[in-house]
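Please look at the sequence and the model before reading on.

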Amino acid sequence: MIFEYISLKNYRQYKEAKLEFALPNKGKNFTILQAPNGVGKSNLFNAINWCLYGKELFITKEEKRLPLVNTISLKENRKSEKCEVEIELKMRDEENKLMLITRKQMFYIDREGNITRDSSNLTIVREINHNMVNITSEQQEFINRNIPENIKEYFFFDGERLDDYFKKEGAESIKKAVYRISHIEILDRVINHLDYKHKEILRQNKDLTPAAESIRLEIQAAEEGVVAIKKDLDEKKTSLSEARLNIREIQEKRKKNPVPNTKELKEKREELDKSLEEYEKKIEEHKSEFSNYFKEIAPKILLHESFINVKKIIEDKKKKKEMPPGITKEYIDHLLKSGECICGREICSKDKSKDKISDLLNIYANLSDIGNYLVEMQGDTESILRQVKEFEKRYKDYEKRLKDLQMEFSTKSQELKKIKDKLSGTDESFAILEEQQQDLETARDDMLLSIGKLEGNIKSGEDFIKIRNKDLNDELSKEKRFAVLKSKLDFYSKALEKATNIKEAIMKETKMEIEDKTKKQFFNLIWNPTSFRDIKIDDDYNLSVIHKSGLESIGSLSAGQRQVLALSFIAALNSVSGFKLPIIIDTPLGRISKETRLNIASKLPEFLEDKQVTLLVTDEEYTDEVRKKLGKNVGKEYEISLKEHDDGAIATIKEKK
Amino acid sequence: MDEINPKILDKLKEIKENDMSGFLKDIIHFEFQNIDQDRTLFGEEYDKLIKKYLGIK
Amino acid sequence: MSKRDRIFCESLKDYQMIKDEPGLFYKEENASIFIMAMALAFQKGLKSPFKKAKEGLARLTYLSEEQISMIKSVAIMDAQDPQVLLDEDKVYLIAEEYANAGIKLLKSLILTPDPGSVIKKLATEFIELIG
């Protein structure tokens, strides 16, 4: 099945738009639709869904409040009071036969602005033997046969939610989809109905011999018993897989937070405690040392002007030669006592020379004393002025060292806190996780035992039923009147057996095929294939990635790896489906890093070759480099832009040439 | 796809007894046609088919 | 008159309060506190003559050489004449009057809640003072 075009009229933001898809021949099988977020790329998919099934699958809450019809068109048509939504989808099937599906719905708006609508109607035109034939009855059934309704699973993929494939609900819906698409569903019905008919024949026959009847009743009771046990078994299996999942989760958690070596941590803690004490001491000492210095230097700084003054006075006096005094007091005393002057003349009290010298003595005495005092102060003055000069540097050094010490202290404090947290926190939580895991493992083991028992019971039940059926058969063979009955029963039994075998074979083959294809694609496309050993899909379609170490590693794949896995899985589903449906992927490269994005972009065409692929991309994803990588596979490229108006919005699809 | 999964049809071909494979094929087709019905009148159809293939009146 | 043998203050209580307060001058010598008070007041140009009876604060022999030099330098600046050094008593009186004013300043400085910041505050002022 390929899409040729979709045309939209008045559908939500698409007032009038037509999109022609790239046709997958000559390798140009990609159609690119580029638009920023919020423009309504997803609504294109909704449009397809609505056209085919009258339903929209991906509608946001805001959009739900709006009517299907484009609000601007509706307002424009106020005069006529009605407006029609129309979506037309042109497709070609595998035999290249045309199919044109059109869905229309009329909307009405009254004066007050109330909107009502008719039910939608469908037109299907199909090419049969070169004629275009209208399909008018069982239209929906026709569509369902060609494009089954839960197409979501195998042809439309939301790149932002690819992870859903790895969850239980995702796996379940995949299983359902696979069953549906490979018609296992049909086989199930066949089996149920055959079984029913088989039992019904016996039940309805009122003519059985008492012996036959009693065997039949036994078989009925046994069958009912087996059904009940099977139900129980299913429940236990679900619980088991849940327990297994939970165990895996805990194992992952534990792997991420390995047990700290408590002894080591405790030792480190003690070491840090001691170190912190030392640092505290150092800081105190440092502060106290400076404090003492400060007390000494503070008054000196406050008085340094007066010392500068003293220094100046001393210098002046030295200049004037008043300091040190030229003649000492002692010398003058000595002169007076000796009665002889320096020049040799006699000093006598008769003339004024003795008085003069006595006066001089007094003056000099004073000068001398002042001089002496100043001389005494000279040493201190120089020293104090020097000390004052040093202060700034000493202060700055003090501050720096203090800061360094405090930072060291703070760093070690933080380290200590971390260790304390580790010791207290994880001790507990680790123990809890360990306990939880043990409990789950015990529960799991119990369940395995029960399951084993139940399976055993089922087997013995079924064996019993087989034997009794044989006995019944023999019993019926005894009488000719049961010949027809017996032949019917045999026939139904055989048919049942064959149908069951076919079902099991197909289930196994389909699953294996999907598993193989997924594996092949994954290992072909992943950039580090040697890290992984295998891909497995269990009976419930849960995906499993086995690391080369043998461990389940689906939980530890990077975003890019998950994307590749999901895309491989999708490609596998799509090809196994046998439907050859086009693939639409919304935001395939959304959540990935730049490099991974380029990797995937370059490989996409390879694993989706021969398929008609439509990619809905945002501007961020569709970088020039990505564009180049996809380049030669792109058949059509469009840009969607949205214009907001008061009454609503209009989206336009424009082809990029 | 207007057809049954070809894998199923292949498996039916493997059945040697013609009436069995014919019977199953018809039943499968019937179920396929009625896949969307919740309740089918399969009873009647099955009766009809079994009579056909067993050659009973 | 008897030679002076000690320095005096107006209120020993003030000195005691400062000595009792955990901080920069906790349990410090009277002489050191006296010198600091004198220097603080001198830098601000505040002098306060004695109003009350004097109380003996510390013996002169407890003063270090540097401290004596500081006292003398204050006296010289105050009297604007080194001659003042000849009158020992006057020199000490001048110092005492400055310290008398300064002790109140010192009290308010010390009795702040954050002793650590006293140094920081003064240090920044000092750096500016030194220039």
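How many salt bridges does the rule find across the interface of chain B and chain A? The rule finds 3 salt bridges there, a salt bridge being a side-chain nitrogen of Lys or Arg within 4 Å of a carboxyl oxygen of Asp or Glu. This is a predicted model, in which local features need pLDDT of at least 70 and side-chain atom pairs count only at pLDDT 80 or more, while totals for chains, interfaces and linings use all residues. Residues are numbered from 1 along each chain as its sequence is written, chains are lettered from A and ligands numbered from 1 in the order in which they are written, and side-chain values use heavy atoms, with hydrogens and water left out.

**Chain B and chain A**

- Chain B contributes 33 residues to the contact and chain A contributes 33 residues, where contact means heavy atoms within 4.5 Å.
- About 3,200 Å² is buried between chain B and chain A, 66% of it on carbon and sulfur atoms; buried area is the accessible area (1.4 Å probe) that two parts lose on being put together, summed over both.
- E513(A) and K7(B) form a salt bridge, with the closest N and O atoms 3.2 Å apart.
- On the side of chain B that touches chain A, helix 1 (6–13), helix 2 (18–33) and helix 3 (42–54) of chain B give two or more residues; helices (H or I, at least four residues) and strands (E, at least two) are DSSP runs, numbered from the N terminus.
- Helix 2 of chain B provides the largest share of that side, 9 residues.
- By class, that side of chain B has 18 nonpolar, 6 polar and 9 charged residues; Ala, Val, Leu, Ile, Met, Phe, Trp, Tyr, Cys and Pro count as nonpolar, Asp, Glu, Lys and Arg as charged, and the others, Gly among them, as polar.

**Chain A and chain C**

- This contact takes 35 residues from chain A and 31 residues from chain C.
- The two chains bury about 3,000 Å² between them, with 77% of it on carbon and sulfur atoms.
- The rule finds 3 salt bridges across the interface of chain A and chain C. In one of them, E66(C) pairs with K300(A), and the closest N and O atoms are 2.7 Å apart.
- Helix 9 (262–302), helix 10 (304–319) and helix 12 (353–477) of chain A each supply at least two residues of the side of chain A that touches chain C.
- Helix 12 of chain A gives the most to that side, with 16 residues.
- The residues on that side of chain A comprise 18 nonpolar, 7 polar and 10 charged.

**Cavities and a pocket**

- On a 1 Å grid over the protein atoms alone, a cavity is a set of points where a 1.4 Å probe fits but cannot get out, and a pocket is an open set with protein on both sides within 12 Å along at least five of seven lines; lining residues have an atom within 4 Å of a point.
- There are 5 cavities of 30 Å³ or more by this rule.
- The second largest cavity holds about 80 Å³ of space; grid points are joined across faces, edges and corners, and a volume is the space filled by probe spheres set on the points.
- Among the residues lining the second largest cavity are H198(A), R216(A) and N469(A), and helix 8 of chain A supplies the largest share of this lining, 4 residues.
- The second largest pocket contains about 750 Å³ of space. Of its 36 lining residues, the closest to its centre are Q13(A), G38(A), V39(A), G40(A) and E63(A).
- The lining of the second largest pocket has 9 nonpolar, 14 polar and 13 charged residues.
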